[in-house]
Amino acid sequence: MNVLEIKDLHKSFGSKTVLDGLTFSVSEGSVFGFIGRNGAGKTTTMKIILGLLQADSGEVTVCGEKVTYGSTAANRFIGYLPDVPEFYGYMTAREYLKLCGEVTGMKQSEIKSRSAELLELVGLAGEKHRIKGYSRGMKQRLGIAQALINKPRLLICDEPTSALDPVGRKEILEIIRSAKGETSVIFSTHILSDVEKICDDTAILEKGRTALCGTVSELKAKRSGSDVQIVPANAGDTEKAAKLLGGEAQSGTVIVRNASQEKMLSILKIISENRIAVQKIEHTEPDLEQLFMEVIGK
Amino acid sequence: MNGFSPFLKKEFFELYRKGRLLLFGILFVFFGIEAPALAKLTPALFKLMSDEFEQQGVIVKDVTSTAAVSWDQFFGNLPVILIVFVIVFASSVTSEFSSGSIIPLLTKGLSRTAFMLSKLTSALITWSAGLWLCFGITYAYTAYYWKDDSVQSLIPTLLLWWLFSVMVICLMYFFASFAQTHIQVMIGTGCVVFVMSVIGVADPVKKYLPSTLTDSMNFCTGAQSISTIIPAIVITTLVTVCSVVFSLVLIGKRKV
């Protein structure tokens, strides 16, 4: 069953079209990576799912319930972590979670036990200070705790790791991974290594549409082969090598696309026969970054 | 109206933690004491300065103060407290939207109507409690020091002032429902009150204007009957109700 379904979503701001027929779905229990460059429309999509923004046309359903702008009915299924979460600085984490629990209509006893459980999960259980003194990473962790307070069926994280240092990123990814057991996650980002680490399914958003959609391994398989990168020892040989190998010359590096093992051997042979001194030669595995670059035409 | 009660609780908690309850507590108590104290000290002050006045050719005879002096001072202080109140509360709605602190709660099911009404309720309760506390203090001191009957109908007079102040606070929340910054809220509210005062200069329209409700000394000294300003009372109530209704409509359409 799908917890989220988006069909033919359109949204423009003035003359700028941000979403142009966006369609994808998130299945129950999965972590869904929503990839796109800055300004691609990821946050716009999320705000439409939350009923915070009005779509021009198209349909969004969360757990079978249609989302309407201005209404918060479907939000009972959703937990949301904004890209830069902002909380009430004069409260402690526990006080803030209590407020969130009360707004969602939870019982006091339930709020107490759930808060303790979540603060433990995000590593803020021993934190007694007020939120105004929190680092960005701590706010992000509290953001996940508040998003999970009412056991949502869908957790929406808008670029949760973008502004964090490597340690903070690792912690957040771990928390999201551990939340997977109790909720489906949609996770927008432009950090592709994060997607490879934790996502089951992925969609690449480009020009307001889903340019590619599938599991991470399916997307990687879309690339027919891996690349070979050759860095000649003498920069003057780059053009010559590119011509001989049938590759592209890019700032001192020759890239031969979709190269099989057979092709690799023939490349080595040509280099040797033409006595081109090589500083580095590398057979790169296909990764999401290359695929993403191809999709966005870079 | 999902989330009204927890959000109202949060509003009072915020007022307490940010020290605003204490600030207004001190302010209301201070002005409550200041009005009778100043009235009581007025004869002594005149006596102290009588030599200086005499050199300038002004002869000061025995100056006596009455309860009316105390109440004149009290009603004269109220606009100052209201201005401070508007300045402090003007950012209440706009800061939630500009910082994004309201987003997690809206996505948790807090309705925008509940958000706006709890903001308005907490402001009105704080203001009303403070105003009546201030009145009570002045009333107690004035009754203790002066036994004259220079003022009457104090409670209806204060109710009129209270109605005017409620209108100003509701107008402030009307502007806050669509303004981007607290400065815009203050300018909007200030402009409406200023325009009312300017129009009020013309006598024929005065009985229709909400600002007439603040001519307190006229009412409590019996110079003007409250029944003569019924149109102003009706218009003030209408402006108040319209401000609340429109603020709820506009907050529902506000982009996050």
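Phe46(B) is placed in helix H2 of chain B, which covers residues 20-48; helices (H or I, at least four residues) and strands (E, at least two) are DSSP runs, numbered from the N terminus. Phe46(B) is partly exposed because 16 other C-beta atoms lie within 10 Å; a residue is buried if 20 or more other C-beta atoms lie within 10 Å of its own, exposed if 12 or fewer, and partly exposed in between, with C-beta atoms placed from the backbone. Between Phe46(B) and Val185(B) there are 139 residues of separation in sequence and 42 Å in space, C-alpha to C-alpha.

The model is predicted: local features need pLDDT of at least 70, side-chain atom pairs count only at pLDDT 80 or more, and totals for chains, interfaces and linings use all residues. Residues are numbered from 1 along each chain as its sequence is written, while chains are lettered from A and ligands numbered from 1 in the order in which they are written.

Chain B contains twelve helices and zero strands. Its C-alpha atoms fill a box of roughly 70 × 45 × 35 Å along the principal axes. Chain B has 256 residues, of which 41% count as buried. Two residues are in contact if their C-beta atoms, placed from the backbone, lie within 7 Å. Of the contacts in chain B between residues at least 6 apart in sequence, 80% join residues at least 24 apart.

The contact between the chains takes 20 residues from chain A and 22 residues from chain B. On the side of chain A that touches chain B, the elements giving two or more residues are strand S6 (78-81) and helix H2 (93-103) of chain A. The largest share of this side, four residues, comes from H2(A). By class, the side of chain A that touches chain B has twelve nonpolar, five polar and three charged residues. Here Ala, Val, Leu, Ile, Met, Phe, Trp, Tyr, Cys and Pro count as nonpolar, Asp, Glu, Lys and Arg as charged, and the others, Gly among them, as polar.

Chain A is divided into domain 1 (2-221) and domain 2 (223-295), with bounds that come from an automatic or database domain assignment. The centres of the two domains of chain A, taken over C-alpha atoms, are 40 Å apart. Domain 1 of chain A gives ten residues to the contact and domain 2 of chain A gives seven residues. On the side of domain 1 that touches domain 2, H6(A) gives the most, with three residues. This side of domain 1 has seven nonpolar, no polar and three charged residues.

Chain A also has an open sheet of four strands in the order S12-S13-S11-S14, with antiparallel pairing; two strands pair if DSSP finds at least two bridges between them. Its edge strands, each pairing on one side only, are S12 (248-250) and S14 (278-284) of chain A. From one strand to the next, the twist averages 20 degrees. S12(A) is joined by three bridges to strand S13 (residues 253-259) of chain A, and Ala249(A) stands opposite Val254(A) in S13(A).

Helix H8 (residues 238-245) of chain A lies across strands S11 (226-232), S12 and S13 of chain A, at about 15 degrees to S13(A). Helix H9 (residues 261-273) of chain A packs on the sheet and touches S11, S13 and S14 of chain A, its direction making about 150 degrees with that of S13(A). Axes are lines fitted to C-alpha atoms, for helices over the stretch in contact, and angles run from 0 to 180 degrees between N-to-C directions.
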